[in-house]
Amino acid sequence: MYTLYGTKTSGAAAVEAALALLDVPYKVVDAAAWEPGAGLDELKRINPLAQIPTLVLPDGSVMTESAAILIHLGLAYPHSGLLPTDLSDQAQAIRGLVYIAANCYAAIGVIDYPERWVAQADEDTLAAIKLGSRQRLHLLWDTFADTWPAAPFLNGPTPGALDFLAVVVSKWSGTRAHLQESRPAFSDLLARIEIHPCFAEVQARYWP
């Protein structure tokens with residue numbers, strides 16, 4: 001049994017989609033740093049940063065960081081389709097997962113909490129940091145769209161780990177509206193992932 005910590009509208013959606021694709025038993029504990037309660041208390045005991053998603057593996061060990069979780073699951077179940085089986089394609093999928101985590105997710109963290117990154121800043125400074133970070137985020141997604149082609153999905157014939165993380169993380173900070181203008185084909189891809197049978201149920205639960 002896997003145990004996934006997360007909540008609605010969060011990045012845990014990508015991991016739950018992966019677990020559903022693997023068809024393994026799992027349970028979800030509703031928890032988030034912004035939602036006080038028993039779930040958050042439990043999450044803090046296993047992940048001091050209280051970040052979601054956090055996944056407890058069947059052996060009791062703890063996995064954090066969305067990209068790391070998805071890579072681990074893909075390697076643990078090599079014939080699941082979560083990661084491509086072709087080694088060259090798999091390398092590019094792993095590259096894409098880490099790109100989103102290191103670049104896009106990181107920029108969102110600055111947009112959401114600019115006060116964490118500068119000491120004694122006034123409101124104008126914080127607003128400027130948020131604006132610059134959002135512009136940077138949109139540039140990063142444009143680069144992603146230009147670098148990772150869909151055939152017909154990022155994972156290949158069917159959606160996989162990279163599709164799940166891309167569709168979830170691109171929801172935030174105005175990215176979807178930006179991509180509709182700047183990269184319409186990539187915007188259409190994200191819409192196709194959302195309605196695909198392997199993601200549609202998760203989409204409905206996390207963004208009802």
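Visitor: At what angle do H6 and helix H8 (residues 184–195) pack?
Guide: This is a predicted model, where local features need pLDDT of at least 70, side-chain atom pairs count only at pLDDT 80 or more, and totals for chains, interfaces and linings use all residues. Residues are numbered from 1 along each chain as its sequence is written, and side-chain values use heavy atoms, without hydrogens and water. Helices are DSSP runs of H or I with at least four residues, and strands are E runs of at least two, numbered from the N terminus. With axes (lines fitted to C-alpha atoms, for helices over the stretch in contact, with angles from 0 to 180 degrees between N-to-C directions) 10 Å apart, H6 and H8 pack at about 110°.

Visitor: Which residues of H8 meet H6?
Guide: Contact means heavy atoms within 4.5 Å. From H6, the partners are Asp 163, Ala 166 and Val 167. On the H8 side they are Leu 190, Ile 193 and Glu 194.

Visitor: How do H1 and H6 run relative to each other?
Guide: The axes of H1 (residues 12–22) and H6 (residues 161–169) come within 8 Å and cross at roughly 150°. Angles over 145 degrees count as roughly antiparallel, under 35 as roughly parallel, 65 to 115 as roughly perpendicular and the rest as oblique. H1 and H6 are therefore roughly antiparallel.

Visitor: How many of the eleven residues of H1 are buried?
Guide: Buried means under 20% relative accessible area, exposed over 50% and partly exposed in between, using a 1.4 Å probe and protein chains only. Glu 16 is one of the buried residues of H1, and the cover includes H6 and helix H9 (197–206). H1 is largely enclosed by the rest of the structure, because the number of its buried residues is nine.
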